[in-house]
Amino acid sequence: MEKPLLEFKRFGRKTHLMIQKIAKERGIEFMAGPQGQVLHFVNHREDCDKMTFIKDIEQELGITKSVASNLMKRMMKNGLIYLEVSETDKRAKIIRLMPESKERMNKIRDFFDEIDRCLLAGVSEEDLVIFFQVMGKFYQNIEKLEEGKTNV
């Protein structure tokens, strides 16, 4: 039996290349960089009726205030977002998606839903339950490694 780490690497690489290829063929920007991460994060929070502030982006991406500020300026210049002044705190800025960005995020969500359906073709519900159980164990073991509780 192959070693799991090698299989993760193979699967991750193959999946990444396939997604890039199909996304390019369909004219969908892959959105792997920080601007894409911000769009995904803000879109998800808007779907949950949550406001997103620049400080939320700082925390989510693990970046400084100045980096986040420059990123917001670039995204506004690119027509992806706009900033709205908070009614409760005039210093706080709420990040909002431009309608085109929202539409783009819906297309990307549909694309990834389709990829998920393709990946799940022929996989039984029982197999999927086992898969998630095994992945849960892998995550626990990785966390133990991160915490230094297991020797490598």
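1. Lining of the second largest pocket. In this predicted model, helix 1 (4-25) and helix 6 (125-147) each contribute at least two residues to the lining of the second largest pocket. Helix 6 gives the most, with 7 residues. The lining comprises 12 residues, and Phe8, Phe138, Asn141, Ile142 and Leu145 are those nearest the pocket centre.

2. The volume of the second largest pocket is about 320 Å³. Sorted by class, its lining holds 8 nonpolar, 2 polar and 2 charged residues.

3. Helix 2 against helix 3. The axes of helix 2 (residues 34-47) and helix 3 (residues 54-61) come within 11 Å and cross at roughly 120°. Angles from 65 to 115 degrees count as roughly perpendicular, and the helix 2 and helix 3 pair is therefore classed as oblique. The crossing of helix 2 past helix 3 is right-handed. On the helix 2 side the contact involves Pro34, Gln37, Val38, Phe41, Val42 and Arg45, which meet Asp56, Ile57, Glu60 and Leu61 of helix 3. These contact residues divide into 6 nonpolar, 1 polar and 3 charged.

4. Helix 2 against helix 4. Helix 2 also packs on helix 4 (residues 65-77), at an angle of about 85° and with the axes 11 Å apart. That angle makes the two helices roughly perpendicular. Helix 2 uses Pro34, Gln35, Val38 and Leu39 here, and helix 4 uses Leu71, Met72, Arg74 and Met75. By class, the contact of helix 2 with helix 4 has 6 nonpolar, 1 polar and 1 charged residue.

5. Helix 3 against helix 4. For this pair the packing angle is about 115° and the axes lie 9 Å apart. Helix 3 and helix 4 are therefore roughly perpendicular to each other. Helix 3 passes helix 4 in a right-handed crossing. The residues that meet are Ile54, Ile57, Glu58 and Leu61 from helix 3, and Lys65, Ala68, Leu71 and Met72 from helix 4. The contact has 6 nonpolar and 2 charged residues, with no polar ones.

Note on methods: Residues are numbered from 1 along each chain as its sequence is written. This is a predicted model: local features need pLDDT of at least 70, side-chain atom pairs count only at pLDDT 80 or more; totals for chains, interfaces and linings use all residues. Side-chain values use heavy atoms; hydrogens and water are left out. On a 1 Å grid over the protein atoms alone, a cavity is a set of points where a 1.4 Å probe fits but cannot get out, and a pocket is an open set with protein on both sides within 12 Å along at least five of seven lines; lining residues have an atom within 4 Å of a point. Grid points are joined across faces, edges and corners, and a volume is the space filled by probe spheres set on the points. Helices (H or I, at least four residues) and strands (E, at least two) are DSSP runs, numbered from the N terminus. Ala, Val, Leu, Ile, Met, Phe, Trp, Tyr, Cys and Pro count as nonpolar, Asp, Glu, Lys and Arg as charged, and the others, Gly among them, as polar. Axes are lines fitted to C-alpha atoms, for helices over the stretch in contact, and angles run from 0 to 180 degrees between N-to-C directions. Angles under 35 degrees count as roughly parallel, over 145 as roughly antiparallel, 65 to 115 as roughly perpendicular and the rest as oblique. A crossing is left-handed if the near helix is turned anticlockwise from the far one by less than a right angle, and right-handed if clockwise. Contact means heavy atoms within 4.5 Å.
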